2 protein chains.
Amino acid sequence: MPAKTAAQVVEAPERSPLPAGRNLLFLREEELRLAQDLLFFGYRDFTAGADEILAELGMGRAHHRVLHFVGRRPGITVGDLLGILGITKQSLGRVLQPLVEEGYVTQTPGRTDRRQRLLALTDKGAALERRLFERQRETVMRAYREAGPAAVEGFRRVMRGMMGEDARAACDLLGEPAR
Amino acid sequence: MPAKTAAQVVEAPERSPLPAGRNLLFLREEELRLAQDLLFFGYRDFTAGADEILAELGMGRAHHRVLHFVGRRPGITVGDLLGILGITKQSLGRVLQPLVEEGYVTQTPGRTDRRQRLLALTDKGAALERRLFERQRETVMRAYREAGPAAVEGFRRVMRGMMGEDARAACDLLGEPAR
DNA sequence: CGGATGCGTCAATGATACTGACCCAAGAGG
DNA sequence: CCTCTTGGGTCAGTATCATTGACGCATCCG
């Protein structure tokens, strides 16, 4: 990952009578309105495909999130998963319990601390997660292909910039090599 | 069943230090996993600030969406708003009715078609919408400033690419000059 | 007139989230 | 051994956001 801080100030004033320097310091109203629209529609359509699959199985988006993050960090503790999802123990329990009962997720006691229940995907769980992943891959790959590699890097930087400190740390951890 | 045809369609001209073959597939998978993480955390934190304000007023995200899109297209019909939001009449009614009763939104009969109820924000509604807007502006402005103008353009292209046809059309309409 | 359209509303259901309280088992420290 | 804390599960109640199906009403239109 190139950690370039190249902030190109040279920006063509497309449809704006404002000077370029001001664009950097003052986010014009219409730009933010557009961002709101993009996030609303984009996020909705990003999740739409996976939602269909989940609905067939009587699951919701929350189940997918559990499958995703458990798949990303096998052996994660319940407490860490709660921190990532930002929900309460009870909310997680309502989703996690069926996933365990139906054989998508395993719970194994921690070696050093046997109070912990380390979570991992079963083959069945990994298969479902992959199915959901592939569906979303179509959506994201199309967007990436249309937008081009440079746009993808920009997308990542902006999305990351909207995250708070906690989310950034959690996101960084998820991207690291095997724990 | 990987017929070699699919694997060989990979674009050749890229002479970057990127590894090829399996590693390329691995990178793509990791890229998409990262995209999933970014969208989850980014969208959540993007809406978090406005959600706090809404919670104080006993409202939810759905109320904000109505205020946003009605403010964006004053005089919009109920049917058009339903199309944009992608929800049912009943779901909208449960949110819209309180907004009208509490004086955030007005309903006025259409001039040409008196069956229509054209929606618009009152001063009170516009003030609340602006309050929510300013809160989100802080989040997005910080992200835009950190990422730079080129990244912002990339972000827009990618988000737009993830939208379906309907959402793109709706999004384009919203960005057009005053109807 | 009769059908289609725009809108509101009824009832029932489900997914996702919350708070507060309580319990159990296991680690940590006196 | 005996508390205190921590990781985890669970119960009860509540709220928001969404669904489907059906019905009513006013209005537009051929």
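Reader: Which residues are the closest to DNA strand D?
Author: This is a predicted model, in which local features need pLDDT of at least 70, side-chain atom pairs count only at pLDDT 80 or more, and totals for chains, interfaces and linings use all residues. Residues are numbered from 1 along each chain as its sequence is written, chains are lettered from A and ligands numbered from 1 in the order in which they are written, and side-chain values use heavy atoms, without hydrogens and water. DNA strand D is surrounded by 26 residues, a residue being near if one of its heavy atoms lies within 4 Å of the strand. The closest are Arg115(A), Gly60(B), Arg65(B), Ser91(B) and Arg94(B).

Reader: Which base atom of DNA strand D lies 2.3 Å from a polar side-chain atom of Arg115(A)?
Author: A polar contact is a pair of N or O atoms within 3.5 Å. Gln90(B) places a polar side-chain atom 2.9 Å from a base oxygen of DNA strand D. For Arg115(A), the atom at 2.3 Å is likewise a base oxygen.

Reader: Which helix gives the most to the surface near DNA strand D?
Author: Helices are DSSP runs (H or I, at least four residues), numbered from the N terminus. At least two residues each come from α4 (78–85) and α5 (89–101) of chain A and from α3 (61–72) and α5 (89–101) of chain B. The most, four residues, come from α3(B).

Reader: What is the average pLDDT of chain A?
Author: pLDDT is the predictor's confidence in each residue, from 0 to 100. Over residues 1–19 of chain A it stays under 50, while 83% of the chain A residues score at least 70. The chain A average is 83.

Notes. Contact = heavy atoms within 4.5 Å. Polar contact = N/O pair within 3.5 Å; in protein donor to acceptor, adjacent residues only side chain to side chain.
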